Amino acid sequence: RGGGRWGLWEATSPAPSAAAPPPPLTRRFRARLRVAGEEVTGCFETRDESETFQVAQLKARLGWPRVDQISGEAVERDPLWDHPEELECLKEYSFLVPPALRSRDESDSGGVGSGCRALSLDQLEAFETKGYLLGLPVLSPAELEQTLGEFDELLATRVERAPTDDARFRAAHTLSRPLHQDLVARLAQHEKVLEIVEDILGPRIVCWSAHLFCKLPGDPTQQPWHQDAGFWPLSASRALTLWLAFDDTDAENAAVTFVEGSHRLGRLPWQRTGSTHHLLTQEIPDVDLLGPLVPSCLRAGEASVHCDLTVHGSAGNFSNRRRAGLALRFVAADADCLGPMINGYRMNGGCILPRGRASDPRGHWKALRRRPGGRRRAARKAAGS
């Protein structure tokens with residue numbers, strides 16, 4: 001299984017023994033991809049050689065991209081969502097198989113005593129194969145009712161004074177300081193959420209970001225096809241997003257759509273987006289060549305989860321139904337934040353550590369100092385009643 005890893009990575013030498021130090025590792029860059037249903041591997045002396053191998057395999061086996069040169073001009077990094085170019089050479093793009101599957105394969109135990117709490121081994125195998133899972137139950141009916149009440153109140157404060165439809169759509173997409181909101185903090189530490197994430201990433205995780213996504217009926221905003229890992233300044237691709245549905249979602253009301261198996265292709269180049277209404281400025285082209293497109297059909301209270309290398313996007317919502325949910329972004333605490341985003345934001349500067357210090361014993365990911373935004377709003381509402 002290639003050490004339980006897919007993508008491109010730099011191998012490290014084993015620890016030297018006192019008797020004989022290991023020889024130099026000359027062909028230390030590894031590639032292991034799943035392309036057109038076949039596993040392809042290679043070992044290379046340089047990172048550039050491994051990336052050239054990846055590009056050649058995608059072209060030969062998938063015909064991707066349709067145009068050899070994706071863009072004749074350099075694509076500028078997104079000033080809001082991206083990191084500086086100089087951090088790119090420090091990143092590793094590889095998908096690490098969930099720990100329960102690695103343990104099973106190493107011990108040949110057949111899955112006995114896997115230690116999983118929320119996900120079965122079959123579900124973890126599906127996650128390794130597809131790069132996402134759908135329909136994971138999280139909220140009880142009572143929890144969903146409470147969550148919708150709080151979210152509707154937050155949403156009203158954002159959109160009720162918007163002068164135009166475009167302003168309403170933008171306001172519904174943005175909520176300042178989401179990790180400071182009581183609703184978000186509670187859901188990020190919901191035991192069912194943590195069990196799902198820990199089954200995939202392991203016990204040491206932090207929630208570094210959240211986004212309350214809401215596409216109102218008629219909102220034309222698109223999320224171009226992308227991989228999250230391309231935007232985040234992480235030393236390794238050890239992050240995932242749990243998307244918790246507040247409304248029923250399907251293709252009609254612009255559910256997130258995943259490209260099945262795309263997480264095992266490595267980091268994919270992008271081009272400038274051609275869409276008029278968009279959140280990101282870049283997009284991955286010709287995704288229909290990369291794998292099946294699967295909409296994230298969820299019932300309210302269910303969640304999807306996808307790794308940071310899975311290609312995904314969403315269309316505009318031209319239905320008469322709202323599509324709202326909370327994206328909770330988690331990272332394994334053994335990954336490093338390499339530096340700030342272009343806008344100065346540091347991923348590790350203020351996070352929710354759901355297990356306290358046990359979430360990150362080395363202290364790289366700093367605990368958030370919460371501001372009482374949600375409590376202050378509730379107090380003002382009570383005072384005015």
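**Reading a predicted fold**

Analyst: Of the 385 residues of the protein chain, 51% count as buried, where buried means under 20% relative accessible area, exposed over 50% and partly exposed in between, with a 1.4 Å probe and protein chains only. This is a predicted model, in which local features need pLDDT of at least 70 and side-chain atom pairs count only at pLDDT 80 or more, while totals for chains, interfaces and linings use all residues. Residues are numbered from 1 along each chain as its sequence is written, and side-chain values use heavy atoms, leaving out hydrogens and water.

User: How many helices and strands does the protein chain have?

Analyst: The protein chain has eight helices and 15 strands. Both are DSSP runs numbered from the N terminus (helices are H or I with at least four residues, strands are E with at least two). As for contacts (heavy atoms within 4.5 Å), residues 24 or more positions apart account for 81% of those with a separation of 6 or more in the protein chain.

User: Let's look at a sheet. In what order do the five strands of the open sheet lie?

Analyst: Strands pair if DSSP finds at least two bridges between them. Here the order is 5-13-8-15-6, with antiparallel pairing. Strand 5 (132-137) and strand 6 (205-215) are the edges; each has a single partner strand, so one side of each has no neighbour in the sheet. From one strand to the next, the twist averages 20°. Strand 5 meets strand 13 (residues 302-307) over four antiparallel bridges, and Pro137 has Glu302 of strand 13 as its bridge partner.

User: Which helix packs on that sheet?

Analyst: Helix 7 (residues 191-201) does, touching strand 5, strand 6, strand 8 (239-245), strand 13 and strand 15 (323-332). Its direction makes about 45° with that of strand 15; axes are lines fitted to C-alpha atoms, for helices over the stretch in contact, and angles run from 0 to 180 degrees between N-to-C directions. Glu195 is part of helix 7. With 15% relative accessibility, Glu195 counts as buried. Setting aside neighbours within four places in sequence, Glu195 is in contact with Arg117 and Ala118.

User: And which residues of helix 5 are buried?

Analyst: In helix 5 (residues 165-173), they are Ala167, Phe169, Ala171, Ala172 and His173. Their cover includes helix 4 (141-159) and strand 6.

User: Why is strand 2 described as largely enclosed?

Analyst: Strand 2 (residues 29-35) has five of its seven residues buried, so the rest of the structure largely encloses it. Strand 1 pairs with strand 2 in the antiparallel sense over four bridges, with Trp9 opposite Arg30 of strand 2. Strand 2 is also joined to strand 3 (residues 38-44), again antiparallel, by seven bridges. The hairpin of strand 2 and strand 3 has two residues between the strands.

User: What should I look for in the backbone angles?

Analyst: Most residues other than glycine have a negative phi, and most peptide bonds are trans. Ala36 has a positive phi near 55°, and its place is the loop between strand 2 and strand 3. Asp286, not a glycine either, has a positive phi of about 55°. Asp286 sits in the loop between strand 11 (282-283) and strand 12 (293-295), and with 21% relative accessibility it counts as partly exposed. Trp64 and Pro65 are joined by a cis peptide bond, with omega about -5°; Pro65 lies in the loop between helix 1 and strand 4 (93-96).

User: How do I read a pocket, and what lines the second largest pocket?

Analyst: Rolling a probe the size of a water molecule over the atoms shows where empty space is left. A pocket is an open set of points on a 1 Å grid over the protein atoms alone, where a 1.4 Å probe fits, with protein on both sides within 12 Å along at least five of seven lines; lining residues have an atom within 4 Å of a point. The second largest pocket is lined by 23 residues, and Arg47, Glu51, Glu88, Tyr93 and Arg267 lie nearest its centre. Strand 1 (5-10) and helix 1 (47-62) each supply at least two residues of this lining, and helix 1 gives the most, with five.

User: How many residues of each class are in that lining?

Analyst: There are 11 nonpolar, three polar and nine charged residues. Ala, Val, Leu, Ile, Met, Phe, Trp, Tyr, Cys and Pro count as nonpolar, Asp, Glu, Lys and Arg as charged, and the others, Gly among them, as polar.
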